[in-house]
Amino acid sequence: MSDNLREIMRGVRLHLTELIEGLDEQEVRTMSLGLAHTLSRFKLKFSPDKVDTMIIQAVGLLDDLDKELNNFAMRLREWYGWHFPEMGKIITENLAYAKVVRLMGLKTKAKETDFSEVNVPEEIAAEVKQAAETSMGTEITDEDLGNIKTLSERVIELTEYRASLSEYLKLRMTAIAPNLTFMVGELVGARLISQAGSLMSLAKHPSSTVQILGAEKALFRALKTKKQTPKYGLIYHASLVGQSAPALKGKISRVLAAKLSLCCRVDALGDQVEPTLGEEFKEYVERRLATLEEGGMKSLSKGISRPTAGKHQKKPSVRGSGAAHSAEDDVVEAPKKRKAKAVEAEAEEEAEEAPAPKKKKKKKVVEEEAE
């Protein structure tokens with residue numbers, strides 16, 4: 001393939017209808033359009049970004065479902081609370097509350113209702129029946145009760161759909177990014193992919209970006225005000241960061257982000273099915289966390305020094321004196337009488353010089369502990 005040959009091929013394509021008899025220009029355009037559509041479908045079918053789109057949409061829908069479920073459950077509690085307000089404090093779980101409302105209906109039917117059908121414990125069922133006898137709620141019509149039951153059915157359906165969607169997301173993440181899922185879980189991993197745009201773009205990010213992914217607003221605010229930048233973003237919700245001490249969360253998130261970036265690159269560009277790399281890196285991060293926690297406990301006793309043993313300190317030898325023994329050193333001189341001012345001055349000098357050897361010893365103790 002030379003430049004001359006490319007020019008010849010371009011000329012052939014340009015004058016194709018004139019060179020081939022019976023070939024219409026409209027047919028050539030239709031053929032080229034069909035070929036372009038086929039190539040586009042082929043690229044879309046085998047594109048890894050297309051698979052990531054399913055994860056991004058699923059985790060976005062999961063977050064929306066959580067918000068809507070919370071709103072619907074609160075509305076159901078307020079609405080049914082006008083009729084039976086005491087039940088809201090007895091049954092705290094939203095799904096169980098909606099099932100009891102759909103099963104029981106009016107509070108006057110509490111005695112006849114069998115709460116074991118909705119898996120409510122006997123103690124809670126007994127409290128509900130007792131509270132229904134002395135309830136301070138107002139009476140409602142059958143039409144009001146019908147609307148409340150319809151809302152409770154919606155809450156139950158959405159909760160069941162959320163559970164199935166969560167299972168679908170878990171299977172998808174395990175198939176596409178096994179190492180990332182093993183390190184931080186399917187929910188945090190899916191949110192990281194969604195924030196980055198795709199698994200490939202997440203793999204292209206450095207570990208420092210993965211560490212603060214999701215905290216962009218705090219990062220730019222810190223850069224603008226020249227304050228400390230955030231230490232973690234979405235990976236704060238990972239179990240490895242959550243179980244660490246508050247003082248160590250920044251260090252662990254940095255270590256975890258470094259290993260996560262490697263896992264993302266293996267998942268995006270490799271063909272592994274088992275999370276072998278994720279298992280190895282998770283063990284490393286756990287060991288690092290244990291080491292940091294032990295070091296934190298040691299640092300609490302860093303200021304405590306060992307008791308002084310009263311060692312004999314040699315006087316500094318004068319240069320050029322040699323190692324010969326002199327008899328004059330063995331002579332003990334009688335103490336001379338000194339003035340009171342001189343004694344006080346010497347006492348002050350000794351008091352200032354006394355802590356110096358202790359500081360050296362303290363440094364030596366700290367170095368020994370560090371080794």
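Author: Start with pLDDT, which is the predictor's confidence in each residue, from 0 to 100. This is a predicted model, so local features need pLDDT of at least 70 and side-chain atom pairs count only at pLDDT 80 or more, while totals for chains, interfaces and linings use all residues. Residues are numbered from 1 along each chain as its sequence is written, and side-chain values use heavy atoms, with hydrogens and water left out.

Reader: What is the mean pLDDT of the protein?
Author: The mean is 82, and 79% of the residues reach 70 or more. Residues 303-307 have a pLDDT below 50, and beyond near neighbours in sequence that stretch has three contacts in the model. Contact means heavy atoms within 4.5 Å. Residues 356-360 are also below 50, with one contact beyond near neighbours in sequence.

Reader: What do I do with low pLDDT?
Author: Where pLDDT is low, the predicted coordinates should not be read in detail.

Reader: OK. How many helices and strands are there?
Author: The protein has 18 helices and zero strands. Helices (H or I, at least four residues) and strands (E, at least two) are DSSP runs, numbered from the N terminus.

Reader: And how much of the protein is buried?
Author: Of the 371 residues, 28% are buried. Buried means under 20% relative accessible area, exposed means over 50%, and partly exposed is in between (1.4 Å probe, protein chains only).

Reader: Which residues touch the most other members of the largest nonpolar core?
Author: L180, L192, L202 and L260 do, in a core of 42 residues. Helix 15 (249-269) is one of the helices that supply at least two residues of this core. Helix 15 gives the most, eight residues. A nonpolar core is a set of buried Ala, Val, Leu, Ile, Met, Phe, Trp, Tyr and Cys residues joined through side-chain atoms within 4.5 Å.

Reader: What is L192 in contact with?
Author: Leaving aside neighbours within four places in sequence, L192 is in contact with L180, L202, V210, L213, L234, I235 and L260. Another core, of 28 residues, lies apart from the largest one, and its members include F84 and V155.

Reader: Different spot. Is H83 buried or exposed?
Author: H83 counts as buried because its relative accessible area is 0%. H83 sits in the loop between helix 4 (48-81) and helix 5 (87-90). Its contacts, leaving aside neighbours within four places in sequence, include L106, S135 and I140.

Reader: And where is E127?
Author: E127 is in helix 7 (residues 122-133). E127 has 43% relative accessibility, so it counts as partly exposed. E127 and M87 are 40 residues apart in sequence, but 8.7 Å apart in space, C-alpha to C-alpha.

Reader: Which residues of helix 6 are buried?
Author: In helix 6 (residues 94-104) they are A96, Y97, A98, V100, V101 and M104. Just after helix 6, G105 takes a positive phi of about 80°.

Reader: Last one, the surface. Which residues make the nonpolar patch?
Author: M1, L5, I8, M9, V12, L19 and I20 make a patch of about 680 Å². Like charges are joined within 9 Å, and nonpolar side chains (Val, Leu, Ile, Met, Phe, Trp, Tyr) within 5 Å. Accessible areas come from the Shrake-Rupley method with a 1.4 Å probe; for residues, only the protein chains shown count as cover. Helix 1 (residues 3-14) gives the largest share of the patch, four residues.

Methods
Patch = residues over 30% accessible without salt bridge, like charges linked within 9 Å, V, L, I, M, F, W, Y side chains within 5 Å. Salt bridge = Lys/Arg side-chain N within 4 Å of Asp/Glu carboxyl O.
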